[in-house]
Amino acid sequence: MPRARNPFIGYWKITRMDEWDSAYIDLVVPGFFEFEREDGRLMGSFQFGTVAGWLDCRIRSAGGESYVEWSWEGHSDTDPACGRGWARVEGERLVGRLFIHASDDSAFEASRQNPPPSQRQR
């Protein structure tokens with residue numbers, strides 16, 4: 001039996017965050033989350049403003065709904081940073097929350113898109 005397609009895999013453009021406006025979200029690159037399979041595991045990356053990191057993900061289920069949760073490691077401005085987060089697919093949107101360890105956290109929404117040409121060669 002073929003495996004069902006993972007609904008999280010792909011590039012998601014961040015369209016809204018509770019704690020940061022769109023000018024900051026897209027300050028360096030268009031803010032995004034991206035999920036992909038690496039050696040059979042779900043991994044990913046993200047960036048908004050000067051916060052960026054790589055994601056170590058797990059698919060979970062609660063109340064009959066699937067969601068992805070992750071820990072992350074990266075940087076905030078020029079300082080090392082880490083944290084956690086989660087998201088679920090609601091229709092055509094990815095909605096969730098990102099936490100920066102011992103700092104801010106924010107709800108977010110993102111929409112599935114093709115990555116900008118400058119991000120295709122990461």
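Start by selecting C82, which is partly exposed, with a relative accessible area of 36%. The model is a predicted one, and every value on this tour is computed from it.

**The two cysteines**

How far is the sulfur of C57 from the closest cysteine sulfur? The distance is 15 Å, to the sulfur in C82, which is too far for a bond. A disulfide would need the two sulfur atoms within 2.5 Å, and the count of disulfides comes to zero. C82 is accordingly in no disulfide, the nearest cysteine sulfur being that of C57. Is C57 buried or exposed? C57 is buried, with a relative accessible area of 4%, whereas C82 is partly exposed at 36%.

Next, show β4, residues 51–62, and β5, residues 65–76. The two strands pair antiparallel over 12 bridges.

Now colour β3, residues 41–48. Six bridges join β3 to β4, again in the antiparallel sense. Select S45 and find W54 of β4 opposite. This hairpin has two residues between its strands, and G49 takes a positive phi near 55°.

**The nonpolar core**

In soluble globular proteins, nonpolar side chains tend to be buried together. Here the largest nonpolar core has 24 residues. Which of its residues touch the most other members? Select F33, F35, F48, W70, W72 and L94. The elements giving two or more residues to this core are β1 (10–17), β2 (32–38), β3, β4, β5, β6 (79–90), β7 (93–100) and β8 (105–113).

Keep F48 and display its surroundings. Setting aside neighbours within four places in sequence, F48 is in contact with I14, M17, W20, Y24, I25, G31 and L98.

**K13 in β1**

Finish at K13, which is found in strand β1. Is K13 buried or exposed? K13 counts as buried because its relative accessible area is 13%, and the limit for buried is under 20%. Which residues does K13 touch, not counting those up to four places away in sequence? Selecting the contacts brings up I25, D26, P30, G31 and F32, together with E109, A110, S111 and Q113.

Key:
Residues numbered from 1 in each chain as written. Predicted model: local features only at pLDDT ≥ 70, side-chain atom pairs only at ≥ 80, totals over all residues. Heavy atoms only, no water. Core = buried A, V, L, I, M, F, W, Y, C linked by side-chain atoms within 4.5 Å. Buried < 20%, exposed > 50% of the residue type's maximum accessible area, 1.4 Å probe, protein only. Helix = DSSP H or I, 4+ residues; strand = E, 2+ residues; numbered from the N terminus. Contact = heavy atoms within 4.5 Å. Pairing = 2+ DSSP bridges.
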